[in-house]
Structure formats: C-alpha cells, structure tokens
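I opened this entry to log what I looked up in the fold, one topic at a time. The sequence and the structure come first, then my notes.

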Amino acid sequence: MRMRTLLGAAAVALALTVPGGAAAAGPGRDAPPTRYLGMFREADPATIAADVKSQYGVTPASVMWFDSWGTGNPFPVAQARTLWRHGIMPHYTWEPWNTALGATDPAQIHLQDIIDGTWDSYITARGREFAAVHRPILVRWGHEFNGNWYPWGIANNNADPTLYVRAYRHVHDLVTAAGARNVQWVWAFNNGSSPDAPYNDPAAAYPGDAYVDWVGIDGYNWGFGPSWDPAGDHWTTFDQTFAPAYAKARAVAPHRPVMIGEFASTEDGGDKARWIDDMNTTLRSGAYPDLKLLTYFDLTKEEAWSPSSSPAALAAFKSWVRQRYMQGRGDELARIATHPGR
C-alpha cells in the first residue's frame with residue numbers, strides 16, 4: 001500500500017450513471033445483495049478470524065495476508081486448511097519483489113525476469129502448494145500495478161503494460177500446470193493511477209477473462225495531511241474513493257465479480273464514523289451490485305486505519321459488519337467466481 005490518487009469527479013458521475021454502475025441498483029431493491037467481509041491484519045492467518053470475532057463480533061468470510069517472492073517462503077498450506085475448517089476462504093496477496101531492495105534497484109525483481117523464466121521453479125513450487133489445499137483460494141498477484149511504488153508497476157517496467165500482461169499470464173499458466181486449479185485469480189488495480197498517463201490505464205494491462213476470476217480495487221480515504229502530501233486535504237467519501245474505479249472495472253471486465261482488496265478510512269480531516277455509516281447506507285441501498293467482497297485494512301500504519309481508532313469509529317464499524325447483508329459466508333464466496341476454460 002502506497003500513495004493513492006483519485007480518478008476525478010467526472011468519473012464519479014460516470015460511475016453513477018453507466019449501466020451496472022453504482023446507481024444501477026438503488027433503493028428500490030427489495031433487499032441489498034449479499035456482501036462478504038474480508039479482513040487483513042498482520043498476524044498468523046489462522047488466528048485472524050478468531051481475533052476479529054472477539055473484537056467485532058463477526059466471523060469474516062475471508063482473511064488476507066501478504067508474502068513476497070524474496071522471502072522464498074512456502075505457501076502455508078496448513079493454515080489455509082485451518083481457515084477452511086472454520087468456513088473461511090484464504091486470500092493470499094502474492095508480491096513479486098524483494099522487500100529488502102528499493103523498487104528501482106537494479107537487483108530487484110522485474111517483469112522481464114518473470115517472463116524470461118528466472119522464477120519458474122519458485123512459481124511452480126508455490127503452485128503445487130496451492131493445489132495441496134484442495135479447496136478454493138484467492139490469489140491476488142502483482143496488485144496496484146498502475147502505481148509507481150512497486151517494482152512490478154508498469155511505470156517501473158519501461159512504461160509497457162504488455163509486460164505486466166505477459167508476466168501475469170506466465171505466472172498463472174505455471175501455477176495451473178502445477179495442478180492448482182483451485183486458485184481464483186484476482187487482478188487488482190489501484191483506484192487511481194500514478195502517474196496518470198495513457199500507458200498506465202489499468203485497461204491496457206488486463207490479462208483477459210481466461211486469466212482473471214475477480215477484478216480487485218484498492219483505495220483509501222487518506223484525509224488531511226497524509227505523509228505524501230502533508231498540507232493536502234484528501235478526504236474522500238466512499239463513493240468518491242471507489243465509484244470511478246468501479247466503473248472502470250465494469251468497463252474492462254463486465255463478466256467478472258468485483259472485490260475491494262484493500263480499503264480503510266483515516267480519522268484525520270473528517271468524521272470516520274460518519275464515513276463508515278455513509279458507506280453502510282450506500283451498500284445497503286443496493287449500489288455497486290457486482291461488488292461482493294470488501295477487505296478492510298485493519299492496521300495502524302501510515303494512518304490510523306484500524307476500526308478501533310476511536311470509540312465512534314468502532315461502533316460504526318461493528319454496526320456495519322453486523323448488518324444482515326454483510327453475513328455472507330466463505331463457502332458462498334468461493335462459488336461466486338466462474339472458471340472459464342477449466
């Protein structure tokens with residue numbers, strides 16, 4: 001997670017009017033579509049759900065964790081199986097970089113290295129481990145590729161989105177060849193591109209429906225004075241944060257379900273509890289009908305993202321996650337995505 005930018009007010013208006021956009025299913029619906037709660041915390045994946053249940057009173061449909069290629073770590077098969085024993089879908093963010101090096105370090109992992117096969121044995125080994133889970137898992141590979149903060153970003157790879165497409169397909173094909181047909185692949189872009197240039201349009205980096213099961217969006221309400229712009233006011237509503245990107249997702253891959261892979265609100269510059277309440281009202285209205293999974297970034301990192309950042313925010317968050325429409329289960333979540341060509 002790094003600096004985010006928004007796509008602009010005009011795109012918000014587009015998202016609220018296009019077919020399938022946020023206003024396509026409004027308050028006239030008898031009941032809102034079922035949504036699924038995902039949670040990220042820096043903890044053992046197998047313990048996250050119990051902690052969430054204890055603190056917020058709900059069991060998430062999925063839990064997410066991160067790992068980078070530079071660690072060489074195996075995929076935690078046992079933890080993934082434990083999650084499924086509790087009815088929770090594993091969500092693995094798989095980052096192709098060495099975190100000990102800067103994004104532009106010459107020794108860093110870059111997309112051409114992946115395409116050239118340098119990492120084939122590593123990828124294949126992880127694929128066999130994915131397969132060993134014997135249950136569906138979400139794999140979010142190379143997320144936020146339209147930002148310049150990760151080495152796999154298009155901006156750091158000759159401004160060539162075709163390199164990302166080729167690398168994504170290469171990883172997908174090796175994992176599938178290793179037997180991991182239980183993987184549901186998440187293609188995830190940031191809610192705004194940095195830099196905002198034609199080559200960095202997420203649409204140019206879409207690998208194709210045969211390679212993507214879910215379209216993911218990452219976005220945050222950064223509020224006032226984030227570290228990357230200490231004097232700036234970046235407070236944005238849920239709609240301002242996500243409506244343009246949702247419209248983009250529907251335009252690029254209209255036949256794929258949508259998830260928010262990472263989101264949260266800061267306390268700085270506005271009313272976080274109101275932000276969560278307004279989001280709840282929006283989702284309960286039936287807006288964003290194809291948005292199924294929302295994964296909250298439950299951590300105090302650059303900002304006080306955690307729901308427990310204030311008593312009011314915590315109360316609003318508990319109210320949201322306990323809504324009936326947010327009670328989707330992991331086994332239901334696993335059945336949403338289609339699997340073309342499998």
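**Barrel**

I traced the sheet and found eight strands closing into a barrel, in the order β1-β2-β3-β4-β5-β6-β9-β10, with parallel pairing. On average, neighbouring strands of this sheet are turned by 30° against each other, direction ignored. The model is predicted: local features need pLDDT of at least 70 and side-chain atom pairs count only at pLDDT 80 or more, while totals for chains, interfaces and linings use all residues. Residues are numbered from 1 along each chain as its sequence is written, and side-chain values use heavy atoms, with hydrogens and water left out.

For my terms, helices (H or I, at least four residues) and strands (E, at least two) are DSSP runs numbered from the N terminus. Two strands pair if DSSP finds at least two bridges between them.

The bridge partner of L138 in β5 is Q184.

**Helices on the sheet**

I looked at α6 (residues 161-177), which packs on the sheet and touches β3 (89-95), β4 and β5; contact means heavy atoms within 4.5 Å. The direction of α6 makes about 160° with that of β5. Axes are lines fitted to C-alpha atoms, for helices over the stretch in contact, and angles run from 0 to 180 degrees between N-to-C directions.

Helix α9 (residues 311-321) lies across β1 (36-40), β9 (258-265) and β10 (291-297), and runs at about 135° to β1.

**Cavity**

I searched on a 1 Å grid over the protein atoms alone for cavities, sets of points where a 1.4 Å probe fits but cannot get out; lining residues have an atom within 4 Å of a point. I count one cavity of 30 Å³ or more. The largest cavity holds about 40 Å³ of space, the volume being that filled by probe spheres set on the points. Its lining is I217, F242, Y246, V258, I260, Y288 and L291. Elements giving two or more residues to this lining are α7 (238-252) and β9.

**Aromatic pairs**

I found 42 aromatic pairs, meaning rings of Phe, Tyr and Trp (its six-membered ring) with centres within 6.5 Å; planes under 30 degrees apart count as stacked, over 60 as edge-to-face and the rest as tilted. Y92 and F130 are edge-to-face because their ring centres lie 5.8 Å apart with planes at 70°.

**Backbone**

I noted a cis peptide bond between S194 and P195, with omega about 0°. P195 lies in the loop between β5 and β6 (214-221).

Note on methods:
On a 1 Å grid over the protein atoms alone, a cavity is a set of points where a 1.4 Å probe fits but cannot get out, and a pocket is an open set with protein on both sides within 12 Å along at least five of seven lines; lining residues have an atom within 4 Å of a point.
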